Amino acid sequence: MENRTRVALIDKAPNRTDYVRHFRNEFEFDHYHLCSEVKKKVLKRDVDIEIDMDAYDWIILVGSEALLFFTAERSITEHSGRLIDNKFLPVINPAMLAFRPEARRSWEESLENIVGYINGTLKPVEFSTDKFRGIETKEEAVEYIQAALDSDCEYVACDTETTGLFPRDGHILGVSLAYEEDAGVYILTDVIDEEVEALLQDLFYKKEIVFHNAKFDLAFMEYHFNFKFPKVHDTMLMHYLLNENPGTHGLKQLAMKHTKYGDYEKPLTQYIDDYCKRNRVLKAQFTWDMIPFDIMKVYSAMDSVVTLCVFYLFKDALAKNPKLMNVYDTILIPGMLFLKDCQDIGVPFDRKRLEIAQNLMEKDITSAIDELYGYSEIKQFEIGQGKDFNPNSTVQLRSLLFDYIGLKPTGKKTGTGAHSTDAEVLTTLAEQHKVPKLILDIRQKSKIKNTYLDKIIPQLDRDSRLRTNFNLHSTTSGRLSSSGKLNMQQIPRDNPIVKGCIRAKEGNKIVAMDLTTAEVYVAAALADDKNLQQVFRAGGNFHSSIAKLVFKLPCDVEDVGTMYSLERQAAKAVTFGIMYGAGAKKISEQVTKDSGSYFSVSEAQEVINDYFHQFSGLKNWLEECKNFIEANAFIYSTFGRKRRLENVKSADKGIASHEVRSGINFLVQSVASDINLLGAIDMNSYIKQHKLKSKIFALVHDSVLAEVPEHEIDHYCKKLKEFIQADRGVYIEGCPVGCDFDVAGDYSLGKFEKTYGELLQ
């Protein structure tokens, strides 16, 4: 076809990518490279491109390096196919499609947009900001809210601008509202008096309120205004159901992809950048109250408008898929409201014990460092290098271990090809010499002190609770995650010092409920494997029972652990491994590591064969799931979540097989997580309904953690067990999923005092 415009294409460096084929010969272009030499990573100093920008109508930027150099934008996935500055057309690198088929959809959408702009069928979107206004008087606020109430609209989008990330750390600057897809307002909080507040509450009662990341805004509006919201929606959770990949749910990204408003945040982010440079303020120290009202009002009003636009789009998409809609209505929205309550309750910490723990850990670290520096090899290193040894320096540590101590490298390498000194390597090397063990000990204890103990204390609220985030939308597996002031999912397991500081107040106990072998239970139920189900019905030690059955051991189940420990370890490794596609090599390594005795690959394969012979139903189910994933590139959980697995079509067999394992992992992990979440949701509702004093404050992996008054413990445990073990369609008849309860003064369940008790005197 005739090319009416001049187009340039700029990529990172010379390569073999056939751009003409990928762009389907839709237009002609001149090809440039940022760097004339092939480099793995192109730095600014490497750029030697010579191009007359004014000579071209359109410039296609392939990959993140070209995008960053010409536009200062960093995310190629966000901007692929989106017009920047009416000239630049970024796009992901098509070379990745052979290995990452999941990018195909993004590539096709980007290609359609790029061709549209170049051929003139797609025009840069222009819109007026006149309909996005700020409200600074009570009279204007009353007029707008009343108009929203009087309108025929069923849904109103709402957003807040705040000075902090948690309600107790900041206040609300303003509230934005939109009941139309092309007009919205930003109401300054100063004008919200009793009359405006009453009108807003009336609005929230009569309309369905739409948020993006509802948990955040609800927490602020309930805490600072005590607003009630009978019916809410969350476009972030809606998008999570439609695309579960983390990092894709931001409102700006959705606006760029799904609305005419594009990168509407850009003027605001530019203001923030300029302000920080002008006033020498670090971005981490910048707060939103530094933004003038006249700058804030348009952006904030557009937040609600964009939220409303994507809501209508996502609502229609979910309506076409009853499975996803059911997950939204019965798991995600109730889950979001429950986690909001958990966050507001907060994790109970003992401030005095935290301070003691800080000192204890500091002493432990100092003692380990003193012992480390007592080794002659350290002194030899410092003499040879002419400087003090720094255990945090990877280069120095590598030289010490392999050059001065003379340890044999494990063979594990870093990305640059150097010998690795990570935790796994140090654990292996510790068998040869004490220094690696001390280094590992120092690293682990320093991390505990710096990452947890030192950071928790200043973030405690006045009631000595720490309020952090629990997220529904951050994993592809469907499990919860945690972020913010403290990642509750990553609290150290091996050292009880942090858990020991999570302590119930006087008259209460920490009650921890743990699901037992929940994922295997789910697999047994879904596979309808009668033999595996019978193991659950029989009770007793699960892994010992499996070992006795698979290996036909001539002893009672309770004696397997002592008489046949290797066989038990093998059965345990296979049970957890085969569901996620672990082969004989992986099982061999795991059993050898866990048991301390060498377990060969051939022995592992024999166990796998025996295992599947005994549990053929599980084997058939796994094979059926694998075949479905490979044929369809997606799969649904039994509760209706969808996992998209487009990389099963990858030309890289490693990537393809990993995608299958991820899918099967999802089928059991998400269901086990949902069973836990649904039980906790029901328990929280029961607590509210019956006005109990028990407080669920966290969900950690397959655990539900609560602070419970001593007189409510029996009742709480009984009811939570009922809710967790309710038949939700994944059930072994006569044998509900197992759950264990531990009750103690702190979350370490007594291990803190056992480990550090003498030092507390």
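Predicted model: local features only at pLDDT ≥ 70, side-chain atom pairs only at ≥ 80, totals over all residues.

Residues are numbered from 1 along each chain as its sequence is written, and side-chain values use heavy atoms, with hydrogens and water left out.

How many cavities of 30 Å³ or more does the structure hold? There are two, where a cavity is a set of points, on a 1 Å grid over the protein atoms alone, where a 1.4 Å probe fits but cannot get out, and lining residues have an atom within 4 Å of a point. A volume is the space filled by probe spheres set on the points, which are joined across faces, edges and corners.

The largest cavity has a volume of about 70 Å³, and its lining includes Tyr240, Glu244, Arg641 and Phe666. The second largest cavity, with a volume of about 50 Å³, is lined by residues including Tyr521, Ile675, Gln725 and Arg728.

Now to the cysteines. Searching the whole structure gives zero disulfides, a disulfide being a pair of cysteine sulfur atoms within 2.5 Å. Cys158, for example, is in no disulfide, and the nearest cysteine sulfur, that of Cys153, is 13 Å away. Cys158 is buried (under 20% relative accessible area, with exposed over 50% and partly exposed in between, using a 1.4 Å probe and protein chains only), at a relative accessible area of 1%. Cys555 is buried too, at 8%.

How values were computed: 1 Å grid on protein atoms, 1.4 Å probe; cavity = no way out; pocket = protein on both sides within 12 Å on 5 of 7 lines; lining within 4 Å.
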